[in-house]
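I opened this notebook to record what I looked up in one structure, entry by entry. The model comes first, and my notes follow.

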Amino acid sequence: MTSVGTSKISGQAKELKFRDPAQARALSARLAGLCDEIGRESVQVMHVCGSHEQAIARYGLRAVLPKTLDLIMGPGCPVCVTDMPEVDEAVVLAVDGALIATYGDMVRVPGTAKSLADAASEGARVEVVYSASQAVELARSCEAEVVFFATGFETTAVATAAIVLQDDLPPNFSILSAHKYVPPAMEIVARIPETRVEGFLAAGHAATITGWGLFEDFVDRYGLPVVVAGFEPLDILAGLVRLVELIRDGQAKVENMYPRCVTREGNTVAQDQMWRVFRTASGMWRGIADIPNGNLRLREEFAHLDARARFDIDTRRLRAHVPSKLTERCICGTIMSGLALPTDCELFGKECDPENPVGACMVSSEGTCKIWHQYGGHPEL
Ligand code: SF4
């Protein structure tokens with residue numbers, strides 16, 4: 001543990017209870033004992049959330065994990081899995097005169113020929129927003145066609161859905177949805193033989209929306225345990241302890257280790273809104289695979305807000321571009337499939353760093369390469 005959080009409440013310094021070092025050490029020892037009981041060379045578990053990777057790296061948690069517990073990051077960065085053709089669509093719209101509003105990390109993500117930042121440097125209009133509603137405000141404040149390039153998993157898609165269901169949206173506002181839906185991607189990863197994932201740590205914030213019950217079907221079909229965990233150090237360590245206990249006992253079930261936020265049903269109002277607005281569609285997750293039902297697209301009844309229906313987005317002019325030799329050496333997809341570490345990439349920290357990112361994993365604050373570059377991946381205490 002690299003730090004212990006404190007906060008001043010009513011003038012008294014109080015330790016944040018989810019960062020208590022003594023409890024962390026106890027959980028770490030419990031994990032070591034469980035791995036000894038299992039007695040194998042390696043126990044592989046995967047988390048599928050960039051926020052988990054951030055917390056794990058930031059608090060140096062890998063340094064207190066047993067050497068035989070292999071905690072790998074899966075496809076949990078929505079920016080990283082936004083496919084090049086989706087970036088290309090946004091770039092073409094920007095080059096053709098639309099004002100693209102999107103989340104900050106998306107601006108520098110490379111497309112086939114260029115990123116939105118490149119397009120902006122050539123005169124296109126690209127604005128960073130922090131919410132879908134801010135994109136709507138942008139449309140109200142100008143006459144340009146404002147296209148909200150909407151990315152993120154279901155946690156973010158619910159916010160986009162809430163905007164779509166508003167009845168007073170300005171006529172110059174539309175949405176280019178690159179939202180992704182996580183459960184189908186977990187299935188793909190579970191089926192990759194080389195990953196040998198024995199259990200999943202699921203993201204607490206997504207489960208706040210979807211409910212932990214969502215994972216029951218996955219567990220039944222793949223026979224792998226899933227533990228929902230929060231984002232404080234003790235949340236993660238306690239989640240790992242429960243996950244490794246289930247692996248030791250050969251139990252495939254869902255456990256909720258984030259009960260202060262997550263229920264079995266989740267936020268049903270948000271779910272209703274999301275599924276009223278979006279349908280699932282198959283499509284590529286960048287560098288990983290074609291994920292059946294892994295994309296969220298606007299339903300037909302919202303075609304008037306769908307940039308793909310409103311505009312003729314012809315990306316062929318970008319596809320003639322030959323990718324750079326560096327891009328061809330990027331192994332982001334392999335990393336997000338749990339088959340490699342950032343340090344396995346020969347470009348890591350050399351030709352590729354946060355200032356000069358080659359792949360999306362080095363752009364996003366939820367990308368494994370950027371996180372490892374910032375904090376280190378396997379710190380020694
Ligand atoms: Fe791609 Fe850069 Fe990560 Fe290598 S270090 S996998 S080039 S993002």
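Does alanine 139 count as buried or exposed? I find that alanine 139 counts as buried, because its relative accessibility is 2%, where buried means under 20% relative accessible area, exposed over 50% and partly exposed in between, with a 1.4 Å probe and protein chains only. Alanine 139 lies in helix H6, residues 132–140; helices (H or I, at least four residues) and strands (E, at least two) are DSSP runs numbered from the N terminus.

Before going on, I note that this is a predicted model, in which local features need pLDDT of at least 70 and side-chain atom pairs count only at pLDDT 80 or more, while totals for chains, interfaces and linings use all residues. Residues are numbered from 1 along each chain as its sequence is written, and side-chain values use heavy atoms, with hydrogens and water left out.

Next I looked up asparagine 293, which is placed in strand S13, residues 289–298. Its phi is near 60°, a positive value in a residue other than glycine. Most residues other than glycine have a negative phi. Asparagine 293 counts as partly exposed because its relative accessibility is 37%. From alanine 139 to asparagine 293 I noted 154 residues in sequence and 31 Å in space, C-alpha to C-alpha.

On a 1 Å grid over the protein atoms alone, a cavity is a set of points where a 1.4 Å probe fits but cannot get out, and a pocket is an open set with protein on both sides within 12 Å along at least five of seven lines; lining residues have an atom within 4 Å of a point. A volume is the space filled by probe spheres set on the points, which are joined across faces, edges and corners.

The largest pocket holds about 580 Å³. It is lined by 25 residues, and the closest to its centre are Met84, Pro110, Gly111, Thr327 and Val358. H15 gives the largest share of that lining, three residues. The largest pocket lies between domain 1 (19–322) and domain 2 (323–375), because both give residues to its lining; the domain bounds come from an automatic or database domain assignment.

Searching the whole structure, I found one cavity of 30 Å³ or more, and the volume of the largest cavity is about 90 Å³. Among the residues that line it are Cys330, Phe348 and Met362. The ligand sits in this largest cavity, meaning that more than half of its atoms lie within 2 Å of the grid points.
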